[in-house]
Amino acid sequence: MLDPTTGTLPNVMLFPDQAQMLSAVVFASPHTTSDVWAALHSSQSTYEIKTATSSALLTLARRIQEGALIADLGLDIPHCSNDALVLLLHYLALSLFPSASAFNDTGVVLCGMSSNAAPNTLRVTSGRDVARLYYEKGLQIDPAHPHLLSNFGSLLKDAGHNTSAVGVFNHALKLHPELDIALVNMANTLKDMGRPADAVPYYLKAVNINPSLVDAYCGLSMSMNAVCNWTARDHWLTNAIAICEKHLSELHHQNIGILGERSVDDWLFTVALTTSRPQCDHSLRRWVHRFYLFSDVSDGRQPLLNEGSFLMRLIDWYRTRMQHRRYIETYGETLYGEEVPHSPPEAAPTARLFCLTSPDKFTLPLPGRTIRRIAHRNALRVSHNIMTQISPDRVPSLPLPPLKRRINIGYVSSDFSDHPLSHLMKSVFQLHDQNQFCVFLYATSPSDGSVFRQYFEQGDLNFLDVSSWSNVDIVNRIEEDHIHIRWCDYLVCDSITCPVDLFARVQAYRKRSLNHCCQHSDFGVSHTYFVTDHKQSYRHGENLSVENRAQTPAEKLWNDEIKCRTDLRRAMFPNLPSSCQNIFATWLRILARVPHSILWLLRFPPAGEAHLIQTAKEWAGDEIASRIKFTDVAAKDHHIYRCRVPDLFLDTVLWAGTPLIACAWPSHRHKMSSRVAASLASATGFGEYMVVSSREEYEERAVALGNSIRYTVRPNGDVEASGDLLDLRRCLFLNRDTMPLFDTERWTRNLEKAYRMAWRRWVDGSMFRMSDDGCIWVKDDIDIPIRV
């Protein structure tokens, strides 16, 4: 079954009927011994022999899935990936003994694969499509098989068939009402359908049956928060956090000893091969110290360091530097090329990989260190899954030097659809300087038929739907396209979302620790890392182009806005008077301190409204609770349009001219959402009026702005409002076309500066030398005109 052109064992996707015939083909080989042939094909072949052989094959597959090396198992299969061999072993086990469990296990393996087609051919069948056939075949054998039903329902959910998935889970729970995984899957499906209140009973039953299910605790916490029901919240969160910490500890101990399979001298030889130059005494001592930290257990202690993490970063360090070394050997320090050079040499071998897994539990109120550990483990898991699929016997192929200074940029995303990321970045790809950059879009999710997806598909960009491709095929295509900017060696940020003092500590730690072999730095862009495309996408509120708006007198723009806002407020809240321990408690105090004010909340989900009103009555009384108003969720366009209605946003409606108050106090520094809000407010040019540094200042600022509004009755009977809050709103409204926050073209130009500097640093090798903090800081020298 080896590919004759490469000598490798490919990932072969067989339909169930084909797989059931595989043993007859494999064991009919001339290499099969006569004893094996007789045992499996003669009329005396017994049920016990086939079941025992099938069980042995599945045990072997599990050993490989758990991280055992193919060579250590006595198998001589050159250039064989773990996935390919595991899949083949499941096929053989199934063909010998086609049980419901065998079909279920094979389906699970197939769900982790994408495509059965070769590169550059039409993709028509994904691993999940074939897995569904195996689940259905298994259910024909045993319609009540619990794991088949649960996995089949999960597959339907992942494919977007939520209603069908709920039906399958309901059937499974009728047959197996105590099946904890089916309860969690049912709850997850209901939650994702926007029915968190319906999900709660299933989560509660699941944790009562199996108190160690951290996924159930996380879903329960999210669902109860979604409906604003905080009953027994501390109890569930305490249990979830304890389980999460236990899982992290167990995963850490699974990786102990893997570096010891090679001697320290072997590892040092790998380092020397990679750097292609003798190590100075200081550098050599550092490397020796690193490896001995893991190998020296003479005192009986198990090292507290994360050995698997170090190995994964070491492999990444090796692969990137070997790729750079080969580029220099082939092209020298050539930044740009004028013609297509000759083909690069073949790839070099890499180190071995080991399996790492970790739970993804970011939604819990965990300590900052634990959150970082979970994120770190999840990143390692993803890296391992990709690296083991992409031919671990070679380093990445070389990109050609950019022809005529035109750098190829590859954007890989599952969100080229009706998704907030597309809403915010829609114009970025077209705004790239087409003479300096060639943009490629790789969509890893199928089309949702939305206007956003059609925009990308029908534009003049290099758009490619790779949703049914395998990871190997996607990487091969990216390499064929000679993408220069594609890997996550840099993260786009700004000085507020990534505070310099916090980041400096990480850099200092990295330079004196094991993390020295890992290169992840930042693009520090001016103003805000957050791209906001409203300037291009949401202009229908005024129906004025940027140029027409700039030529319109400020007084006319503001008077038209006041009329539009007043009419919309009356339509949405007709009963408003004309003078109009958690953050919810702070909002209630603000209501009490600002007479006639209301708190406008979205009815999302509807089940949360009753809980919030009841809590408000208990905490602040009936009168305050009566001033909390709910409206339904609106379409994106109308949502942005009606954001002009409120006077102040408590925590981003800046395009509509509505001020916000952003939380930037010390206890919130580790919360990304708070730093992003502060970054957005600062990028307007009026951040000093909207960013606060304590919970007390948050409340005082909201009360002061709310009470600053004064109303004057004109001789003609019209009521005119004035005050600090209206002045701030007027500044935001009039300057929105020029402020950095909504200037997507400026943001794109700054990003392009970073791309060019990143490419230069990669070619000259400075990104590997750690001679500075590793970051690229982009300066924006454009003055920001303020329209008063």
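Q: Which residues count as buried, and which as exposed?
A: Buried means under 20% relative accessible area, while exposed means over 50%, with partly exposed in between. In this predicted model, Tyr 134 is buried because its relative accessible area is 0%. Phe 103 is buried too, with a value of 0%.

Q: How is a pair of aromatic rings described?
A: Happy to show you: two values do it, the distance of the centres and the angle of the planes. The structure has 19 aromatic pairs. One of them joins Phe 103 and Tyr 134, a tilted pair at 6.0 Å centre to centre with 45° between the planes. This pair links distant parts of the chain, with Phe 103 in helix H6 and Tyr 134 in helix H7, 31 residues apart.

Q: Why is the pair of Trp 759 and Trp 762 called stacked?
A: Planes under 30 degrees apart count as stacked, and these two rings have their planes at 15°, with centres 5.5 Å apart, so the pair is stacked. Both residues lie in helix H33, about one turn of the helix apart. Trp 759 is buried at 1% relative accessibility, and Trp 762 is buried at 2%.

Q: Which residues do ring pairs link into a cluster?
A: Look for Tyr 411, Phe 416, Phe 429, Tyr 455, Phe 456 and Phe 463.

Q: What sits over the ring of Phe 733?
A: That is the charged end of Arg 549, 4.7 Å from the ring centre. Elsewhere, Arg 756 lies over the face of Phe 437, at 4.9 Å from the ring centre.

Key
Residues are numbered from 1 along each chain as its sequence is written. This is a predicted model: local features need pLDDT of at least 70, side-chain atom pairs count only at pLDDT 80 or more; totals for chains, interfaces and linings use all residues. Side-chain values use heavy atoms; hydrogens and water are left out. Rings of Phe, Tyr and Trp (its six-membered ring) pair if their centres lie within 6.5 Å; planes under 30 degrees apart count as stacked, over 60 as edge-to-face and the rest as tilted. Helices (H or I, at least four residues) and strands (E, at least two) are DSSP runs, numbered from the N terminus. Buried means under 20% relative accessible area, exposed over 50%, partly exposed in between (1.4 Å probe, protein chains only). A charge sits over a ring if NZ of Lys or CZ of Arg is within 6 Å of the ring centre and within 35 degrees of the ring normal.
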